[in-house]
Each structure stands twice: as structure tokens, then as C-alpha cells.
Number of protein chains: 2
Amino acid sequence: MIDIKGTSRVIIENVQPQVDQGLYPAKRTPGERVDVTADILSDGHDHIRAVVLYKKEKEKTWQQTEMLLKGNDQWTGFFFVREKADYVFTIKAWVDHFETWYDGFVKKAEAMVDVHVELLEGVAFLKTLAGKKNDVLADAIQKLEGAYESAIDYVLSDDFEILVHQYPLVEHETQYFKELRVVVEHQKANFSAWYELFPRSASLEGNHGTFRDVIRLLPRVASMGFDILYLPPIHPIGKVNRKGKNNTVKAEDGEPGSPWAIGSDEGGHKAIHSELGTLDDYKKLIEECKKHGLAIALDLAFQCAPDHPYVKEHPDWFKQRPDGSIQYAENPPKKYQDIYPFNFETRDWKALWKELKSVITYWIDQGVTVFRVDNPHTKPTPFWQWVIAEVNEEYPDIIFLAEAFTRPRIMASLAKVGFTQSYTYFTWRVTKSELTEYMTELVNGPSRNYFRPNFWPNTPDILTEYLQVGGRSAFMARLILAATLSPNYGIYGPPFEHCWSAPRDPGSEEYLDSEKYQVHYHDLDRPGSLKDFIARVNEIRREHAVLQTIENVRFHPVDNDHLICYTKSAADKSECLLVVVNLDPHHTQAGWVELPLDVLEVDEDHPYQVHDLLSDARYLWNGQKNFVQLDPRVVPAHIFQVRRRVRSERDFEYYL
Amino acid sequence: MIDIKGTSRVIIENVQPQVDQGLYPAKRTPGERVDVTADILSDGHDHIRAVVLYKKEKEKTWQQTEMLLKGNDQWTGFFFVREKADYVFTIKAWVDHFETWYDGFVKKAEAMVDVHVELLEGVAFLKTLAGKKNDVLADAIQKLEGAYESAIDYVLSDDFEILVHQYPLVEHETQYFKELRVVVEHQKANFSAWYELFPRSASLEGNHGTFRDVIRLLPRVASMGFDILYLPPIHPIGKVNRKGKNNTVKAEDGEPGSPWAIGSDEGGHKAIHSELGTLDDYKKLIEECKKHGLAIALDLAFQCAPDHPYVKEHPDWFKQRPDGSIQYAENPPKKYQDIYPFNFETRDWKALWKELKSVITYWIDQGVTVFRVDNPHTKPTPFWQWVIAEVNEEYPDIIFLAEAFTRPRIMASLAKVGFTQSYTYFTWRVTKSELTEYMTELVNGPSRNYFRPNFWPNTPDILTEYLQVGGRSAFMARLILAATLSPNYGIYGPPFEHCWSAPRDPGSEEYLDSEKYQVHYHDLDRPGSLKDFIARVNEIRREHAVLQTIENVRFHPVDNDHLICYTKSAADKSECLLVVVNLDPHHTQAGWVELPLDVLEVDEDHPYQVHDLLSDARYLWNGQKNFVQLDPRVVPAHIFQVRRRVRSERDFEYYL
């Protein structure tokens, strides 16, 4: 008749983080904190105590940390994940009669009520807690059994308060009805700077660029402080229906085509475009990258040119039309005749999935550790869930970046099923309110637990209007924003460094003479490059751990909508960076920034120093409101380190 | 290696209503709608179609209704629950290639692209859909195979659009990973008017009132339009530590004590206080109530006076203190020596639960169908979950009203585990913003699916400041608000009818000379009673179905914060009531109310009539903004029926 644990009076609800009812894990990297919240309820006025139980999934014994009541029956606790591993956590809570008794005792003693019986009760609790032998508790028992007045004094002492805290009386406990997972991935999942270039444009001499040319560029890329070098697809380019310059329908003879139209009689997704070099050249490139602290990112574009070998070998992996032709990609009435999508509904889907997985593992075996996945939202999410899990099982530390510029729930869905990082709407968020709102959503919304943003000011597909019209200052502002708001960011490098701003057509976000369809020859070191500026920004990112995590951002008011101001602070308040950016690329803007002094950890009565890490200028500020003026023709931003004044032992003052 | 259904590309997430991940059912009453929402996603641009599958839990076959895309990958659908039963629902969705093809066809045809192959594809889809034989589809196939131009015209016709809608092509479908429950309870769970009185005060002659006196009052209560008569506990009152007048610690000889201190040597929770009458008298009262369309509500207060028989028979159901005494209720340093709570952590909890259940079923067997549960939040929620489920299993149509004036999550928790209705914070929500915000939370928040509010302007424990200072107008305003905002409401009747407003002490919400501790003699029919006013309000509630459901409320702006304005409209727009209340009990207030005409379904260019159902006055209004003035010395509210002008067939205009 009654088959539940009837004496457990505590109810635990709404435990977070919990991604889709625990169907997916929350994500973290080593050293990060997992903040656990829950609604924990019981009947009556008895005190509840609660702990977070956590462990690595494969361990047997739980560790635990105490939770605190925030109010309104909401409890909070946290634990740190120290290692790359799968963790699980849950919550245990109980009515603690010892603490309830203690609280009541204090109130009664203060109200001068007789507490003789209460002291007897206290002794009984202590005896239950002491079990076989415990000197601390034995001593406490003795004191409670002593003279009435001194026993009361002892119970009201700080020592006894600590004792109550240290000795929970766990009875009739409730454990949350499930265990929730946290996947802890490697550090680079959370902190990376990407540089994208087209290897075919890496030559200086007017030839088709090669991997060897890319190797020549590595010291340059590394000196700018990037750690991932991303090359668009390196496979043979389809010859059938090849696209021409500026995306014209038919390529002229000799035009190189789009590298995303993958596959020809020269091979498919496991082959290398012969003009770039050989597999050995590519492996050599990977080796050289490693020497410069760079990982190479391969573009994973699961689609085929009409002459891709798969089309002949596996016609059933594509959609056949009634006229015998193969269905190309289309968004009616637009047609993309150079691309055949896979038909993931094929009866042969298991073989297709297996083959696509083998493409990934093939390149991992050549030394690739990072994949930038092209349009993952046009392939089924269940496929990604499966393939990423399979790869993770065999190979550690692989990064998958989802290039899904699509609707928010689909982007979220891909992140949930396993993508390590995701391109974002940052690219189009340019005003103060847009940036503030978007960051708030990323940091405080539920996606915080699974969606790792990667901020790109530009890509080969997206030259935003802001960059088109804003000139050099716009590029600098967007770089500062991307690099300081998000621990993961990237640029489509050569055009960014030299502030390319010509669109294909008015109103278009495509580059004029886009590298997607033709070869460029870059003299990257010609004057005007943002190289040194970028290098300094990346240096600041590396030197300041507060820029290596996303959730520590806090926005502050400025009385000028062209100026955005935010701080990035360490949890232990050991460091605080203060960023101010002029979002108007054309005019000098000035205003008063307003900072809560608790964030800065500065003394209200003394000036404090803000040290611009970009210009090395130092200013003395006072109190909450301070004046800032930024000329876009110089540098449109400050990255201030806030230096507190401290007094040395010899009474000599200096700034930390 | 691959054990999932790899060709199902659709993902279904965030299905609502879902109470605590489906641990608890959503609640409805017969005829109510269940709005189902979900995030439904797939890859690429293919069209998705989705249906809600629903059935009574015990049925085998699903019924289905189509879902619609609201945008941003959020889908919505609904179904009606017609019968008192347990229902389950889930969602099925699939990529519909037929609809995708149709949409592409239309775009291509409009762009004058060649669609010969598309027509062949259409035929193939139709053949798949037709299966063995289907005349409609056979006809369509014939048309598509006919002359090119006329085939195009046919596909572009309305007929074909309807056909596409009527013939979904269900392939590779995804079904949500669980079935969710909806409990459909009896009608009274959702619509009831409660009248509370102390039976011991029901006598006119200076004697202790009896059930027979209550019977004499029934025609009166029924004529006011109430349908539940709630009496505080009717059991023997403890004699030990009995409380005196105005809650003094010791009763004088002859004082009757609090009926909530249950049990004495005369019996416990299954006995009847002898001064009220016999069990037969009580059963006779129940019978008489039925004749007047009234159900009787028993007060379920699971606690014991020190002389309750349980204390001797089951000492282990109470907490023993080290000095041999039994733990009474306390909220340190306050003590309630007249009440022993049960110790639900007793080893003998199964026997305790069983006995408490038997109390409920005992009274059901005497004819009780409604229980007002006293302080359920001081007993474990798991107990309520068990006992309410057990009772529901054996007896249909029992109402449990939770008197849990406590923190919101605890109130929610009790509602989730099975309480039919709940007392609310309405009692203290008096300003326009407080009322609007609270109603919005009740109607639009997640609790909508499990928490049925019951609005009480007063109770024997709560005489609010607003009623204390506002006089007759305050009582009228609060009655209108309770009765029109919430389908379930109640009053502590005799004091309410005669606008008792004297508190025990300044700042207290207790009544002076509260009936909780002493007998009153009411001359209910003396002049000044609100009886007729209350009767009219209840009559309006019964006559107008829009007042019998909570979620159809919509608040409208008035340029005066003392005036609150809301409409209650039928989903099919067949009726609209418009309520305006002056919340200032002292002064006449006037203002312009602003109504969206779509709510009223009136014509912008013609006047419309608003007919006050309280005063029977009729006004002609024009357009969105109209003037209202309410004098609290007359009636502080309008309940308008909005009457549209319609034109008869003979061109004679009248108001509906």
C-alpha cells in the first residue's frame, strides 16, 4: 500500500544546471565552477540543510559541498571541476533537528525562557552525533550537562555555533531523483584565438598558393598571438558546374572555383587539392604549426560537387529525381547546381554515417585536432550527436566549431548535442544595447551551460555594413569587442588586417572579388596593417586570466550611447580589467562612466589608477564617476587595468 | 554501433504543459482546452509538420490535432478534454516532403522556372500517399499527368493547397520521448463559491448554536448563490490548555475554546462536538445542504489537543521530550500548548498515515465531498501526495482546498501533488499593480497548469487593513474582485455581510472578539447587510460563463491608479464582460478607460452599449476611450456586459 520513503519530508525540485531535463550534459573546462541551484522545501519551520554531491562519473564515492539558502526556498551551492573528465552531481537534503533545536534554543535563551529541558535535548542530539567516540562532542556533552547558567553560555558561544555547523544531523534525507552530468573538456574549448586564411592566396609571387607558402606565414600568425589557424577546405574542387569570380554561375577556364564545392575525379573528402601540395606537405604544415603553438583547423563541409567520387560510388546517398538527375541544393527558386547535399534519409544511412565519421578520423590521424564545421544545421542533429560522441570516445581534445548562422533554437540544439564552440550573432550586434543584451543572454541565459560562443567580426561570407562604412577604427573596435567579450574569437585574417571594406554590391555582405571564388595575392606586411594592434590585444588576452572566461563580464552605465563600458573581474577580486569602446567609428565621443566601487575593490576616499594596457597611459581616477574621451582616429578603446593603491608596511604607498 | 533511428531528422524539445518534467500531471476540468507548445526543429529548409497526439489514458488509439508554427521554431496546438478522466498527450513531427515540394513548386512556377520534373515528383508523392485506392488522389494524379500548363494551374489552385494540407506525408517521424499526463477533474474544482460560518454562532437565542440552527440558515446561504458551506472543525474541543477569548492563554470556565484544538475525552477527529449535535444531525445537515444545492466542507486540521484520544493510544505519533512531556507546537519563543502536532518522522508512520486517511474516508462515507485542509504546509508534502491519490482512487469528485498561507514554492508544491484548490495571496493584493501582477502570474505563469486559486477577501484569521479602514465600499470592492477575477472564491460570511472591521489590536489582522475563541449571536438579517449585493454578484457569476474560467482575463489601461479595469471574454468572442472597480473606498474616482476594440468585437464607427449588470444602467460608448466615474458611497464597481449593435434582416438595429 505505501511504498515510498514516508519519513523523508524534504522535496528537491528544479535542480540546475540541467540541460533539457538532463538529456544533455552541462559543459565546463578544468578549473571552472559549477553553480548548482535548486528549490528545496519542507513542511513547517524546521531547518533544512542541503549538500551538493559530486564525483567523477567513474569514481565510487561522492564528495560534497554545502548549499546555502538564498531565500524564497531557493538554495545555491557550487563545486569546482578540476580535471578533464565526466562528472555527475546531485543534491541531498534533510530536516536537521540539531540545527532547528539550536536556533530555537538561542531564541528561547534570549527571551529568558526556561531551557532545562532544551539542554537535555541538546545532550541527546550530541550523543546521537558522537556515535562511538568523538572528543569534541564528548566535551560539548560535558559542558551541557554542567551548571545551568554556564551551559547556556556555552550553547550561545561562537564555538558552539561552529560545532552545530560542523556536525549536521543527517536523518530521513532526500536525494534528488536523478544524477546530472557535467562534461569537462580541455582548456582550448574555452579559450582560443582563430586566424582564417585561404592557402591558395598565401603565395606572394602570383602563383597558386601552397601549404609551403602557408608555412612561411606561420611565424607571422603566431607572432600576432593566434593559436588556431583555420584553412577553408583543402580538398579537390569540383570541375562540374564550377562557380566563377564573384559567384557567377559558370567559371571561365582556369578559374579555381569555390573550395566548398568538394570533390572531383582527383578525389573527395580524404584527398588534397593538388595545387596546394601533397598529404606530406599538409602533415609538414601541421608539424610546423605545432612548433609555433598553432593548431590547424580543417573545414568539414559535408557536401559534394557533382564530380565527387561518392556520387558514382554511392548514388543512393543522394536524392534521385524522376528524370534520373541528382537533386542539387536549392532554396527555391534559387539553385546551387555545383553542390549535391547528402540524403540523410537514405536507406543506406548507416554506411553514410560511418563514412563521414571516417573522414573525421582520417584527418585526426594526420594530426588535425580542430574542425570548423560548415553549415552543420543543414545536416541532421542526431547525426552530429552520434558522430561527435563517437570521435570523442576514440580521440581526446578534439574541437568542433559549429558554423550555424541560423535560428537560435537550432544553434542551441547543435551546441547541446556536442559542438564545442559555436559561431554567433555577435557579427551583427553593433550597438551598445545590442551587445549588452546579447552578452547578457549568453552569460545569464540557460545556454551558458552548453553554448560556447566564438565571436567573429568578419568571415569570408560576412563583411558587415559596420565594417564597410567604418574604416580602420571600426575594425579596431570590433576586434577589441570580440577579443575581450568572448574567450573564443577569430578573424578572417588578411582582409581584416588591412581593413578590406568593399562589398560585392551595395547592400551585400559579400566581399568584392571574394577569395571564395578567386586567388588573391596579399602583401600582408605593407603599411597600414593592424598586425601590431592585434598582437597587443592577443598578448593582453594571454596575460590576463580574466579575459579567458566569459561569465565574469559586467556592464556599466555611460552617459553616451556611443560608448560601451564593461569590466572583467576575477572571482577572488585579485584583478579587474575595465574596457571602454567608442562604437562610433567616425567621431570622438566622450562621457562619464559610472562604476560600482565594489567591483573595482577600490577605496572611495582615495584616487585609484587606471592603466591603459593598449597605450600604456595611466590616469588617476576618483570615486564612481570618471570621464572618458576616445578619438576613433587614434585608438577607439581603452583596456584599463584597475590598480588599487595599497599601503606598504613601511607606510609607502604604491599601486598594485 | 548505431542504435538510434538515424533517419528521423526532427527534434522535439520543451514540450508544455509539463509540470516538473512530467512528474506531476497538468490539471483541467471538462470542456477546458489544453494548449500544447513545443520547440520543433530540423535541419535545412524542409517543411516540418507536427501533431499533438492525445487520448484518455486507458484508451488504445490516439486522436490527433495539427500544430502550427508560431515562428522561431516554436509550435503550438491544442485539444479539448471533454470528460472527467486521466488523459495523456505527446507530440509527433516529421519532415513533410510533399509539403516541401509543394512550397518549392509554387515558388518556381511563380518564377516561371521549368517544372516538368517537379510535376513528375508531385505524381510520385501522390502515388505514395494514395496507397491502394483513393479517388481524390487518383484524380489529382490524373491532373498532374495531363497537359503541362493545366497541370501547373491545378497545382497552384486552392483545391490543391487544401489537398496538400489534408494529406500529410508522414515519414521518418519523431515522437517526443515521453507521454505527459493531464488529470481532468470535476467541474466544481474550477467553479465554486464558498460561505464560511461558525455553527456554534448559528443560534439566535443566546444558546450554543447547533447543526439544526445551521439548517435554518441554509435557504439564506443558498439564496445568496453560494454552493459550498464551510464549517470550521466540528469535533470535540480539547479541554486541557484550552484558549480563552481573544486568544488568551487560559480559558475561563465555560469558554468554548478554539475548534482547531481538536480532541478530548469526548473523542477525536471522527467524533462530533456534542454541543453541535449528533452524527445524525450532521448527516441531516448534509442532506438539507444538498437540497439547496450546497456541498458541505469539512475542516481537516491534523493536529491534536493534549487530551485527544490519539495521545494516549499512540504516544509514538508525537514527539516525546527528555522530561517525559510531549512536544507542543511552537515557533520559538512562542508556544502553543493547546496543540500537539503529529510527528511524521515516527517509526510508526505507516499506521499514522493510514489512520489519517481513515479520517477522510470516514467523513466521505457520512456524505462530505469537500475538505478545507488547515495548514497543510505543516505536514509533509509526500503524505498529501499519497493520501489525496488514495482517496481519489476510491472516491470520485472530492475537493481538497489547501489553506497554506506560506511561501510561494511550498504553495505550488502542495498544488502539484494533488490539492484541488488553494488559498492565495489575493487577500493582501489591494492596489491595481498588485492585483494585475498577481493575476498575470496566476494566469500566464507555469502554475496555471496545477494551481487553482481560491480568492478570499477575509477569513477568521485575516481581517485585512483594507477592510478595517475602508468600510462598506471596501467590502463591496473586494467581493467584486474576488468573485470576478477567480472562478473559485469564498467569504467568511457573517462578518463580511455586516462589514465587521474591528481588529483585536491596532496593527493586528485578528478580529476583535474573534469567533475562533467565543460564540457570537448574529442577527444576520438586520439592516445594512450586503446580502442582496452578494446574491446579485453570484447570480451574475452563474449566468455568465466567462466568469467561470480564470485564463480569459485581460487588463486594460485607465488613467487613474485607483480604478482597475479588466475584461473577461469568451474564446469564441460570443460574450465580453467588462469590470471596472474603484479601489479607493473613500473618494469618488473617475478616469478614461482604454479598450482595444478587437476584444469587444465592436465596430469602431458606431456606438456600442455597455450594460451594468449590477445597477441595470445602460450607457452608449464610442471608440477606444470612454469615461467612467465611481462613487464608493453607492457601488464601487461596474460589471458591464458589452452589447454590440447588430443589424437585423429587416434593417432594424438592436443591441445583442
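In the predicted model, 26 residue pairs, both members at pLDDT 80 or more, are found in polar contact across the interface of chain B and chain A. The side of chain B that touches chain A draws at least two residues from each of the strands β1 (11–16), β3 (33–41) and β15 (329–331), and likewise from each of the helices α1 (97–110), α2 (116–130), α9 (349–366), α10 (381–394) and α11 (408–417). The largest share of this side is supplied by α11(B), with five residues, and the residues of the side as a whole divide into 25 nonpolar, 20 polar and 24 charged.

Charged pairing also spans the interface, where 14 salt bridges are identified between chain B and chain A; one of the salt bridges joins B:Lys108 to A:Glu330, with the closest N and O atoms 2.9 Å apart. In extent, the interface brings 69 residues of chain B into contact with 69 residues of chain A, and the area buried between the two chains amounts to about 6100 Å², of which 57% is given by carbon and sulfur atoms.

With regard to symmetry, chain B is superposed on chain A by a rotation of 180° with 0.0 Å of shift along its axis, at an RMSD of 0.1 Å. The two copies are therefore related as by a two-fold rotation axis. The same surface serves both copies, since 100% of the contact residues of chain B recur in chain A. Among the residues of chain B, B:Gln21 comes closest to the rotation axis, its C-alpha lying at 3.4 Å.

How values were computed. Residues are numbered from 1 along each chain as its sequence is written. Chains are lettered from A and ligands numbered from 1 in the order in which they are written. This is a predicted model: local features need pLDDT of at least 70, side-chain atom pairs count only at pLDDT 80 or more; totals for chains, interfaces and linings use all residues. Side-chain values use heavy atoms; hydrogens and water are left out. Contact means heavy atoms within 4.5 Å. Buried area is the accessible area (1.4 Å probe) that two parts lose on being put together, summed over both. A salt bridge is a side-chain nitrogen of Lys or Arg within 4 Å of a carboxyl oxygen of Asp or Glu. A polar contact is a pair of N or O atoms within 3.5 Å; within protein, one must be able to donate a hydrogen and the other to accept it, and residues adjacent in sequence count only if both atoms are side-chain atoms. Helices (H or I, at least four residues) and strands (E, at least two) are DSSP runs, numbered from the N terminus. Ala, Val, Leu, Ile, Met, Phe, Trp, Tyr, Cys and Pro count as nonpolar, Asp, Glu, Lys and Arg as charged, and the others, Gly among them, as polar. Copies are superposed by least squares on the C-alpha atoms of residues with pLDDT of at least 70 in both.
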